[in-house]
Structure formats: structure tokens, C-alpha cells
Amino acid sequence: MLGLSPVPEGHAWLDNLVGVYLPAREYLGPFEAARGRAFDRDAWIRVLLARFPAEEYLCQLAILNHAATLVELTEPFAERFLERIAPDAAETVRRAMAGGIDGFRRWFLARQLVLRAMRLVLVPPPAAAGAAPDPALEASLDGIDPETAAVLLVHLAGDALCQERQPGEARLCGTAESLAMEMNANNLFNDRDDNGDLLARYRMLWLDYGTRLKKYTPRLPPADMLREATGIGLDERISLAFAYWGYLQGRGPGDPVRVKAMAAEAMTIPRADVETFLGLFSCTPAALAQELQQCPRPWQMRPLQARPLLRLGDDVVVLDERYLVERVTRGLYWLVHDHEKETHGDKARGAWTQVWSEMVETRAEDQLRQMAPALFGGGRAFFTEEALQAAFPRTKNCDAGIDFGGDVVLAEVVSGTVKVQTRELADAGSFVQDTERIVLCKARQLYVTAACLLRRPQPEGSPVKVPPTRIFPVVVISGQYPVNPLTVRYINEQLTAEGHRPDGTVQPLTVMDLEELEGCQALLQRKGRTLPQLLDARRASPYRDAAFRNYLAHEIGGQELGRPGDVQDALAESFEVIQRLLGAPGTWTPPERTGR
């Protein structure tokens, strides 16, 4: 049930893609009740925080955050925790994790809770006036070790992340507005691109597509604008992020997570560049605490997103590895964006957004071109906005299309991303605006182009000789937008209200991102699956209303998916550069891409 809206039995999205985390009250409540005490979340937090320094807690939480990325990494921490807490509390935890409380299995660690626990450490809840530590509670925590205390703080953070549905609240996406936006914020927070794909994609964008601009002329080549804005080159930045990220990958229970700023002994990156890098992406506990003061809401993570590294003297700790990788790939656009605005004014900022949009659009068009069928005599059955404009002047045409002979895929590329209010504040009004800007206005262009291609007869110069049997409209997003059954329902409702209902010829709208498009490329290269075949199969699958990556994971399972040839080449080039700058040639090879 979602907001008292029935969900079909066996819904794959809920069964396989939505987890329930373990809050402390589920086991500390009975533990306290058995001893004649009421569970007081803030009292537990205050007693725990007094046991160890903030730096110790942050290091423990960093390794727990790493463990939260995979179930197999979490299990050793769960077993150690259960061995160290009171037997009756441990039994309750085991029952909860097995689904014995309400039928839903609990996740022992969740990334959101670990990051909120970091905020608890740095921004403790205010003590009640005249409140004194409970001697019985203090006694129950005698001898606790830092790791167990950190896990308790994670679960205690979960107790603060609840909200009540308000009677009569507005509806959105077919359910209660607050629930819909909670699911969307969760979707955005847990959205994850493959690290190797990110490294390769953004290397290509900055170093290749940034040199192929035709519509817009940047003030400097984009890679030079990035160096000017940040004071460090792309290769040095990626290599340092890899060094800190790589150190964390080998850590387990009881292992240290602090690594020296000069992370590799044979590293050829100058100390000055290291300091520049850390100045951009790291923070001290005091500075982080000050920033987090302003972030009381459950999804407000921007200080950690902006600076995912902790600086402790000459040591560095990766607080969040996902934010680290995203910051040095997807987030580089914003560093130039802000620099242009602050240094050269809003006009320069606007010019940069146009340049970036062209880079992204060219990349997506290249991906689509590679998926188009080959034509006799050379070339591919791919057409661009310019070809459409020549055939259908005075209409708003889409960016690109592919003619598969009967089936036509139309694509509109958008470089936008959701606003902070959608991602961090779960604001419904902001989500509605984002959907209009990122999806709906692009979908309208697709439907205009579809109507043009369905005219009989087709005009001279049309990219199709006869109207297609089926048209597949696709919006390709380079940023973030939450795609799940709730948002798919909302999009379909809005388009249907405007008269854009799928009719068998024009198929339902698909929203995908650049990584999902790369997955389609890989399936064509590895298994011969064409884009219309994939779009058709997804519509018939249990994941037809989930993100396209969820369908791809369902389709491929744990099999090797691989990467498209150009992505694999760019990743191999990145690894060569990383190894050279870190003084470790031949140490690492790019991992294979698997379906998840």
C-alpha cells in the first residue's frame, strides 16, 4: 500500500527495489521496557556522544558508510554488533532483519542514516533544561567499543527520520503528496551510476566533446575553463579521487580509514596540486559542523556532497565515496558554472550552460548514431534536428531520430537536473516545475515530430519515406530526475490531459539517462539487441514503470554487461593516466560492467 492506494501483488518495484532500514526503537524500546525504563532517543545519543571524540566517531561512520554500499560488506559488521550487544536486544534485531516484526526485512545499514549520524556527531540534539545523564543508561553502555557505539548512532539517527501523513493532504503521483515526495527524494539520493562509466563519460565530455563544438563558442576550451575555475587539471583531480577512494575499498571491520594526503609513495602529483584538490573537496570537522547546522531535514546532505572528504591534519578520510566520485565527474560542471558567474557575470554563466548543453547533446547523438542500423553504401539510418527542420520547417523538432524500418525512435536530449528543493527538501512544487522543464516540455517536442512523421504523404527530404508503423519517443537526461512508478504515473497523467495518449502507433514515453543509453549500446554490441526491441521488452516486463536501469538489471541479472567500445576505451585511458600519476603502472585494470 502506498498512501492507501492498492499496489498489485508482487509489484517488482516494491518487492526488489524498496528497502526498510532498522531504527533503534525497534530493539532499544523493548530493551528499555524490560528494564522498567522508557526509550529516550536523545538521552541515548547524549550518553553515546560523551564516550568518544567526534573524530573517532567520524572515522567509524566512514567505514560503516562504505559497508552500506553492498550487503556482503555489511554482514561482518552486523555479526560483530550482534555479538556485542545484550542477548535480548540482539534477538530482537535478528527478528527484525528477518522480517519478523511486520513482514518487511530490515537493512542493517543505510547510507542516509550513516550520513545523518555524522550530523548527529557534529550537531548533537540540544539537552533538555536541567536534564542529567541517566546513571542506569550510562551503566548499560559501560565498556562499549567505538564501532558498536557508531552503529547505535546510525540506528538512532533512523528514529528521527519519520513523518506523519496529514489528514486531507494533497495528492501527487497517485498517492499522498508527502509520501510521493519522500519516495522521489529517496530515489534521487540512492540513484547511482557505475563509477567506471562516470570516469569514462566525463573524460569524453571534457576532452573530446568539448573540442567539437559547432553551435556555441566557449570563452576557452572547456578543459581549460575547468582548470582556470579550480586551479587543477582534470587528470590530477581524477587520480587523487581514485587514490583516496581506492584506499577505502580494501577496508573492513576494525581497519583504519585515515590515509595520508600524499596517498601514494611514488605519486608524481605535486603537493601544491594535492592541497588545491583538498581545498576544493575536503573540510575539517569544525567547518563541516558549521555547514550542517543549517541542514536539519532528512535529505539535506549538500555540505557532505560538496566536500565528501574529511581533513584531519595531514590525514584524509572519505566520508562518502559516492559523493566523492560524483563530485569529480558530474559535479565539475557546477564548478565552472559558479566560477563563470562570480568572475565574469551572469551572461558568461549563461554562455557556459549553452556550451555544456551542446557537449551533452553531441554525446547523446553519438550514442544514438552508433545504435542506428547500417545502410547499404555506408552511413546509418540516423537523422538529426537539422534534417527534420529542413523537411518540416516552422515546427519545433526533436534532437535526433533513428529509422529501424517500420519502427522509429525519436530522442530529445536535456542537460538539466532537478533543483535542490526537490532533492533535499522533497518540495512538491519544485518537483512539478522540474518535471515540466526536464520531461514534459521535451515530450511535447517529441510528439510534434511524431505527428510530422505520420503525415501522408511525407514531404520531399523527410528522413522517412513512408510513415512509420511505430514511434518510440525517448527523453534522454544527462542530469538527475527520479524515475519510478509514481513519477511515471504523474508524467502519463499530464501528457494524457494534453491529448498525448499512446495509441499503438506512438508508444509510451521513455525517460532514460546517459548511463542507461550506454547500457543499450552495450546490449546491441554484445547481444545484438536493438533499441526498439529493448523498449518493447521493457514495456512487457515487471519493471515497465521503474527506471530503465532497473529493467536492464532484470534483463541481464548478474551477467557481464560490458561497456560500449568508446566508453571502454575512455576508461582504459583514464586508468593509464591514474596509474602514471600515482606511480603505479600496471597495478589496476578497469573492472567489467555487470548488470545489477
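Mentor: Arginine 251 lies over the face of tyrosine 247, at 4.4 Å from the ring centre. A charge is said to sit over a ring if NZ of Lys or CZ of Arg is within 6 Å of the ring centre and within 35 degrees of the ring normal. Arginine 111 is placed over the face of tyrosine 323, at 4.6 Å from the centre of that ring. The model is predicted, so local features need pLDDT of at least 70 and side-chain atom pairs count only at pLDDT 80 or more, whereas totals for chains, interfaces and linings use all residues. Residues are numbered from 1 along each chain as its sequence is written, and side-chain values use heavy atoms, with hydrogens and water left out.

Next come the pairs between rings. Rings of Phe, Tyr and Trp (its six-membered ring) pair if their centres lie within 6.5 Å; planes under 30 degrees apart count as stacked, over 60 as edge-to-face, and the rest as tilted. By this rule there are 20 aromatic pairs. One of them is the tilted pair of tyrosine 244 and phenylalanine 277, with 6.0 Å centre to centre and 40 degrees between the planes. This pair links distant parts of the chain, 33 residues apart: tyrosine 244 belongs to helix H13 (residues 234–249) and phenylalanine 277 to helix H14 (residues 271–281). Helices (H or I, at least four residues) and strands (E, at least two) are DSSP runs, numbered from the N terminus. Tyrosine 244 is buried, with a relative accessible area of 0%, and phenylalanine 277 is likewise buried, at 0%. Buried means under 20% relative accessible area, exposed over 50%, and partly exposed in between (1.4 Å probe, protein chains only).

The pair of phenylalanine 548 and tyrosine 551 is edge-to-face, because the ring centres are 5.7 Å apart and the planes stand at 70 degrees. These two residues are separated by about one helical turn, because they are three residues apart in helix H26 (residues 548–556). Both phenylalanine 548 and tyrosine 551 are buried. Elsewhere, ring pairs join Tyr202, Trp206, Tyr333, Trp334, Trp352 and Trp356 into a cluster.

Turning to the strands, two of them pair if DSSP finds at least two bridges between them. Strand E7 (residues 309–312) sends Leu309 and Arg311 one way and Leu310 and Leu312 the other way, and all are buried. Two bridges join E7 to strand E6 (residues 282–283), and the two run parallel; serine 282 has leucine 309 as its bridge partner in E7. Four bridges join E7 to strand E8 (residues 315–318), here in an antiparallel arrangement, with aspartate 315 of E8 as the bridge partner of leucine 312. E7 and E8 form a hairpin with two residues between them, and glycine 313 in the turn has a positive phi of about 65 degrees.

Another sheet is open and has five strands in the order E9-E10-E11-E12-E13, with mixed pairing. Strands E9 (382–384) and E13 (510–513) stand at its edges, each with a single partner strand, so one side of each has no neighbour in the sheet. Within this sheet, eight bridges join the parallel strands E11 (residues 407–414) and E12 (residues 470–477), and aspartate 407 has arginine 470 as its bridge partner in E12.

Finally, helix H4 is mostly covered, with eleven of its 14 residues buried, among them Tyr57, Leu58 and Cys59.
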